[in-house]
Amino acid sequence: MKIAALQMQSVLADVSANLARIEQAAKEAASQGASLLIAPELAVTGYGAGEAMASLASPADGEIEQRLAEIASVYSIAVVAGFAERAGDKVYNSAIFVDEKGDSRIYRKSHLYGEYERGLFCAEKPSAVLVEHGGITFGMLICYDVEFPENVRRLALVGAELVVVPTALPKGASGSFIAQTMIRTRAYENQVYVAYVNHSGSDGAFDYAGLSCIAAPDGQFLAQASADNDALLYAEIEPGAYAQSRQENTYLRDLVSLT
């Protein structure tokens, strides 16, 4: 399966503009043979929307889901995108998967980062949300979630071959380390692909590291974006191509449970 990762500069609080950018990328990615497009954390609302987030939040089956379903249907490509999800009186930092048949799944962020996120969102309990698409099983995490090894391991143990991670990684030394070193480590220690998809530039509230990447099970990068500017990355997801790596690095098979 060929995937595409969209590093983009979201427009704060402009859902229509951000959905149009995702649609443009979906059209381009589909023309290149990709069957899955991944957009960043809160790509639809803009990560730095702040107090406007509550009014921008949409139910799981609301207008944002419907618009993404239209994009998926028109271009025959599934989409994962971050958005603010409203569920009753709660708002979650969520990622939604929608495919061309209209099937959808929601993942809610479990590890909120800093007072900014904790003041806007509710945290969900850690969970393993799996999606079957294009012959591949993948799981979803959001940004800070991937920095806790237990979250990726949980997905790997239940059969994920790919972990998709919409993120809003800020500029700085720690951000560069996460994107350039930690993501490769997560892929290697679990023998899975990891697609880490960030914002670019600045939205006026936060400055982003860019550096989106797709890492293979052997810890090598298949695609990388620069620290600046929008980018559309591609990679072929072929779990069988890394059988030798899994034979040599048997972490999942040799794991000793503490319980």
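Trainee: How many residues of S8 are buried?

Mentor: Five of its five residues are buried, so S8 counts as mostly covered, where buried means under 20% relative accessible area, exposed over 50% and partly exposed in between (1.4 Å probe, protein chains only). Before we go on, this is a predicted model: local features need pLDDT of at least 70, side-chain atom pairs count only at pLDDT 80 or more, and totals for chains, interfaces and linings use all residues. Residues are numbered from 1 along each chain as its sequence is written, and side-chain values use heavy atoms, with hydrogens and water left out.

Trainee: Which residues of S8 cover each face?

Mentor: Leu162, Val164 and Pro166 are buried on one side, and Val163 and Val165 are buried on the other. In a regular strand the side chains alternate between the two faces of the sheet.

Trainee: Why is Ala225 called buried?

Mentor: Ala225 has 12% relative accessibility, and the cut-off is under 20%, so Ala225 counts as buried.

Trainee: Where is Ala225 found, and what does Ala225 touch?

Mentor: Ala225 is in the loop between strand S11 (221-224) and strand S12 (231-236); strands (E, at least two residues) and helices (H or I, at least four) are DSSP runs, numbered from the N terminus. Leaving out residues up to four places away in sequence, Ala225 touches Gln7, Leu211, Ser212, Ala231 and Leu233, where contact means heavy atoms within 4.5 Å. Leu211 is 14 residues apart from Ala225 along the chain, with 4.9 Å between their C-alpha atoms.

Trainee: What makes S7 and S8 a pair?

Mentor: Two strands pair if DSSP finds at least two bridges between them; three bridges join S7 to S8, so they pair, and they run parallel. In S8, Val164 is the bridge partner of Met140.

Trainee: In which sense do S4 and S5 pair?

Mentor: Strand S4 (residues 90-98) and strand S5 (residues 104-108) pair in the antiparallel sense, over five bridges. Val98 stands opposite Ser104 in S5. Their hairpin has five residues between the strands, and Gly102 there takes a positive phi near 90°.

Trainee: What makes a nonpolar core, and which members of the largest one touch the most others?

Mentor: A nonpolar core is a set of buried Ala, Val, Leu, Ile, Met, Phe, Trp, Tyr and Cys residues joined through side-chain atoms within 4.5 Å. The largest has 51 residues, of which Ile3, Leu36, Val80, Phe138, Met140, Leu162 and Tyr196 touch the most other members. Apart from it lies another core, of 37 residues, among them Leu6, Ala29, Tyr47 and Ala81.

Trainee: Which residues of helix H5 are buried, and what covers them?

Mentor: In H5 (residues 149-157), Asn151, Val152, Arg153, Leu155 and Ala156 are buried. Their cover includes strand S6 (130-133), strand S8 (162-166) and helix H6 (173-190). Gly159 follows H5 and has a positive phi, near 110°.
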